[in-house]
Amino acid sequence: MNPDRRPLTPWRAPWLWVMGVLLVAPGSQAADAPPIVTIIPRYPAQEPATMEVPGPEAQGSVGSLTDRQLPASQEFFLRYPASSDVEQGVGSLEVWPEAEDASGDAVAAEAELATTRDVQLGGARCTQPRVDGKQTYLLGMVLKEDGGRKFLEAKVPALQVGQKFCFRVTPSFSLTSSQAQALAVAATMELVTAFMASPGQRVSCDGRDDAPFQAALVSALKSQKYQGNVFNVTQAAQLAQRRYLTALQQAGAPGQANPCSEFTSALNTEPSGLEMARAQQRVLAAEQQLSKLPPQLPALRSPLVRLPSGVIVEARTIATSGKQADIEAAATQLDARQNEFAEWTATLSAWATAFGTVAAAQDKTQATAQLQQQLSGGQLPRPPAFEVWSGRGFVPTAQFVKEPGTELEATLASLQLLPASAERNQWIAAVTELRAARQNRDAAQKAPADYQARLATQTKALRELVLQAFSQEDVRRALVVSGTRSVLTPKSGIGETPSKASFAALDIGAVFAFPGFDTWVLPYVGLNVYSVPVDRTIAPGELTGSTLDQVRQRISLTIGATLTAPSSAGRALEAPFMGRYPLLAVGFRVGGYTRLVAGSVFYNVNDPNPASADKRLHAAPFAGASLDADLVDILTKKL
């Protein structure tokens, strides 16, 4: 049965509102723009692990800090610094409450810790995100710039006051221009070296297979300390291969070999040490063959003379031709050689005198005719034997083989002027072979230098094409450098309790009271008091922390008074305190502002005897629902 309701005296109600304002007013401030928290990377003292990404944009380490206390109960921006020359970048941010390792297996926990690079800092433990998913977020980060500084930024939802949270930032940056250029050079060197490795690999320079490009790119990344942190390597290698194919086709003129074919041809001409040895062996064999020939050749009818043109002829042919310039040159040569060889002295002296007479005569024609008569009459002696011409003089055949710097061309010219004979032919054949053997040896000795010069030219042309392919913009942007960073922060909200997190709140609700003789429906107003700041931005079902932390966020003590006076037929009821019916209850939050309450409302029952002034205090248990009217939130957000 519903009670009769009597409105309370209006002037007495405001004290409850005043009490609520006084309790919660210290935290009432209008909400500003979301604050900004910047991660401060901590640089490890030891060498970076294989997971570390080199470069200024990713030098942070496990255990990074923030530049300020994390705000609680409100959104905020989290920034991760990036290098000023980074052109493209994204990232992911994981946020989760700290949690103890539920496995209980210390060994397994330690192994998992090493694998996932989890850390321990500031007394908080970060293993894996909580399985219940409470206040666990995976957020995207975008690259921004402010005041000339670049950073990855993400907006973090409001976090629960008084709790510790773990953060893991995974930045992903495209290569900078300088990094891409260094990588392109390294990949080019790797690829060209691979082409030179073996005949089977040389044909790969036609660009039809992308495997060498991918292998070269991976090797270059390892040499640049990017292993394990670069993604889209296969895609980048395929893009480079396509660019190379296009450049290769454009480089080859119609009907001509392209740089790949020229490069392969140059590689295939590489001289071998065996060819060098064979060339030297051929020279030794020719010299040995020459040393076995007869020591002398048929005697000449006259000494040999080397004309100014370089031709070697017999002196008698000069006398026959009658050319004064040749005669004068022969006279000079024969006179200079009179004492050159003992066995030729008489012959050379006679011939020198005869030619000298012609050269000095006033009447050249008459002197030449007299010389010709001497020749026809056999008055000039013949050389006793022929010695080989070395290019500098006539030497014995035994010495000729050992004579350094022998001009074989001149020797062959002199041999060919001898009368035909078996001995002469053997000498011509032997000297001809020696000349060919020496020329072959000289070519073999020069081959390595020629090979290197040709190969350098073709390698340079091919390297330019490969470098051009790896330096393309799409190849650079395809490569994404990423590294994992775990960032652990102190407790959020300590020393900074925003307006939303209040210890007390006004309470307005209605309850069903059961005094034992009736049923009352009573609206009331009161004050809820919590043992911790209540985080109303976090749904009760999303509360985290220990069981006690969660209970303290939901349980409150309510002190208040009814807004109507209860009554009952046959009983005289009276307000026990300042004309009010006080109540005391315990509340349990089921939503951001809604609560279930249970407690007692207090009332006095007067003695029915009119002559008696006695009254007794009674408590009527009640249960109901109420609304937490957080005055600060209403004033700052709702109005």
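Here is a walk through the cavities, salt bridges and nonpolar surface of this structure.

You're looking at a predicted model, where local features need pLDDT of at least 70 and side-chain atom pairs count only at pLDDT 80 or more, while totals for chains, interfaces and linings use all residues. Residues are numbered from 1 along each chain as its sequence is written, and side-chain values use heavy atoms, with hydrogens and water left out.

Let's start inside. Rolling a probe the size of a water molecule over the atoms shows where empty space is left. Here a cavity is a set of points, on a 1 Å grid over the protein atoms alone, where a 1.4 Å probe fits but cannot get out, and lining residues have an atom within 4 Å of a point. Searching the whole structure turns up three cavities of 30 Å³ or more, and the largest cavity comes to about 50 Å³ (a volume is the space filled by probe spheres set on the points, which are joined across faces, edges and corners). Its lining is made by A180, L183, A184, A187, L217, F470, V475, R476 and L479. Two elements give two or more residues to that lining, α3 (177–195) and α16 (473–478); helices are DSSP runs of H or I with at least four residues, strands are runs of E with at least two, and both are numbered from the N terminus. Helix α3 gives the most, with four residues. By type, the lining splits into eight nonpolar residues, no polar ones and one charged (Ala, Val, Leu, Ile, Met, Phe, Trp, Tyr, Cys and Pro count as nonpolar, Asp, Glu, Lys and Arg as charged, and the others, Gly among them, as polar).

Side chains of opposite charge can pair when their charged atoms come close. The structure holds 16 salt bridges, each being a side-chain nitrogen of Lys or Arg within 4 Å of a carboxyl oxygen of Asp or Glu. In one of them, R477 meets E87 at 3.6 Å, N to O. R477 sits in helix α16 and E87 in the loop between β4 (76–82) and β5 (89–97), so this pair ties together parts 390 residues apart in sequence. R477 is partly exposed, at 30% relative accessible area, and E87 is partly exposed at 35% (buried means under 20%, exposed over 50%, partly exposed in between, with a 1.4 Å probe and protein chains only).

R243 is partly exposed at 39%, as is D474 at 26%. Elsewhere, salt bridges that share partners join R79, K144, D146 and E153 into one network.

V529, V551, I555, L557, I559, L584, V586, F588, V590 and L596 make a nonpolar surface patch of about 780 Å². Such patches join nonpolar side chains (Val, Leu, Ile, Met, Phe, Trp, Tyr) within 5 Å, using residues with over 30% relative accessible area and no salt bridge; the areas come from the Shrake-Rupley method with a 1.4 Å probe. Strands β20 (555–562) and β23 (582–589) are the elements that give two or more residues to the patch. I559, found in strand β20, counts as partly exposed at 48% relative accessibility.

Notes. Patch = residues over 30% accessible without salt bridge, like charges linked within 9 Å, V, L, I, M, F, W, Y side chains within 5 Å. 1 Å grid on protein atoms, 1.4 Å probe; cavity = no way out; pocket = protein on both sides within 12 Å on 5 of 7 lines; lining within 4 Å.
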